[in-house]
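My notebook is open, and the viewer is up beside it. Here is what I looked up, entry by entry.

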Amino acid sequence: MKLLTELYKIPAKTGNEEQIKYFVLESVKDIPMQVITDEIGNLFFIKGTAESYPCVAAHLDEVHLPCERDIVVDGDVIYAVDQANERVGCGADDKNGLWMIIQLLRTEPVLKVALFVLEEKVSDDIPGCRGARACDLSFFDDARYILEIDRKGISDVVQIGKDDTLLCPADFIPESILLQYGYQMVKGGKTDVVELKMRGLGIPVCNIGCGYYNAHTNEEYTVFSQLTHALHFVQEILKKV
Ligand SMILES: [Zn+2]
């Protein structure tokens, strides 16, 4: 849990991802793998050598303004307060995705990772998913699929994204795994992998619930046991799909 509370303390407002990028790189520096960055600031990792890779994704930025945060752990529930002890967002959207991917880099022998900057929409004039829009799609040429870890709650696999964008076939994840972990295929909104599909990416993608609630508000929180449950679900998919 310490890694997660450390992530929550780091300011990562859209456009100011340097600090969180540095933290992620420090957290994985002992893991032998290839680290790639691109011009806009996205981070990519390639661990192991294979003819084809499973790929996971998350975004580095959060919507919340920077402030000194204390992280409160109340049993299984984690949230942030400011120096006046008022609730503030902790950026669980999408630091839960970053947390999970750091775990996966430790457990999975073969994995590709994409961590995007600039996912959150800033205003009507400054749209979201600018990192995903600018990235080089050829990174995914030898990827079989992308699991983005960026969905609220603990039961959704987003299969159809914004503007009815088909992300993956309905049977992409075997029914038995969905049932075992209590997930279901749903329609959802926009995130990086939806942008990649809109750009014409050919492989299946989806967005998986990772235990955060009330994203983009001061009442944002995470249920830690749900985040670890989501990790086990993703590990099962990586093993079987
Ligand atoms: Zn998000």
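I call a residue buried if 20 or more other C-beta atoms lie within 10 Å of its own, exposed if 12 or fewer, and partly exposed in between, with C-beta atoms placed from the backbone. This is a predicted model, where local features need pLDDT of at least 70, side-chain atom pairs count only at pLDDT 80 or more, and totals for chains, interfaces and linings use all residues. Residues are numbered from 1 along each chain as its sequence is written.

**Entry: the whole chain**

I took helices (H or I, at least four residues) and strands (E, at least two) as DSSP runs, numbered from the N terminus. The chain has 7 helices and 14 strands. Its C-alpha trace spans about 50 × 40 × 40 Å along the principal axes. I then checked the radius of gyration, taken over C-alpha atoms, against the globule rule of 2.2 Å times the number of residues to the power 0.38. For 241 residues a compact globule would come out near 18 Å, and the chain's 17 Å agrees. Buried residues make up 46% of the 241.

For contacts I used C-beta atoms, placed from the backbone, within 7 Å. Of the contacts between residues at least 6 apart in sequence, 78% join residues at least 24 apart.

**Entry: helix α3**

Does the length of α3 fit its residue count, or what should its 16 residues span? The expected span is 1.5 Å times one less than the number of residues. For α3 (residues 92-107) that gives 22 Å, and the end C-alpha atoms are 22 Å apart, which agrees. I listed the buried residues of α3 as A92, D93, D94, K95, N96, G97, L98, W99, M100, I101 and L104. I also noted that the peptide bond from D93 to D94 is cis, with omega near 15 degrees, and D94 has its place in helix α3.

**Entry: helix α1**

In α1 (residues 2-9) I found L4, L7 and Y8 buried. Seen down the axis of α1, these fall within an arc of 100 degrees (taken over the directions from the helix axis to the C-beta atoms), so they line one face of the helix. Their cover includes β4 (70-74), β5 (77-81) and α3.

**Entry: C55 and F140**

A nonpolar core here is a set of buried Ala, Val, Leu, Ile, Met, Phe, Trp, Tyr and Cys residues joined through C-beta atoms within 7 Å. In the largest one, with 68 residues, C55 and V234 touch the most other members. Beyond its neighbours within four places in sequence, C55 is in contact with K112, V113, A114, F140, A143, Y145 and I146.

I followed F140 next, in the loop between α4 (130-134) and β8 (143-151). F140 counts as buried, with 22 other C-beta atoms within 10 Å. Not counting residues up to four places away in sequence, F140 touches C55, I146, L201 and I203. The C-alpha atoms of F140 and G202 are separated by 9.3 Å, though the two are 62 residues apart along the chain.

**Entry: positive phi**

Most residues other than glycine have a negative phi, and most peptide bonds are trans. N85, not a glycine, has a positive phi of about 65 degrees. N85 sits in the loop between β5 and β6 (87-88) and is exposed, with 8 C-beta neighbours inside 10 Å. C129 also has a positive phi, near 55 degrees. C129 is in the loop between β7 (111-116) and α4, and is buried, with 23 other C-beta atoms within 10 Å.

Methods: Two residues are in contact if their C-beta atoms, placed from the backbone, lie within 7 Å.
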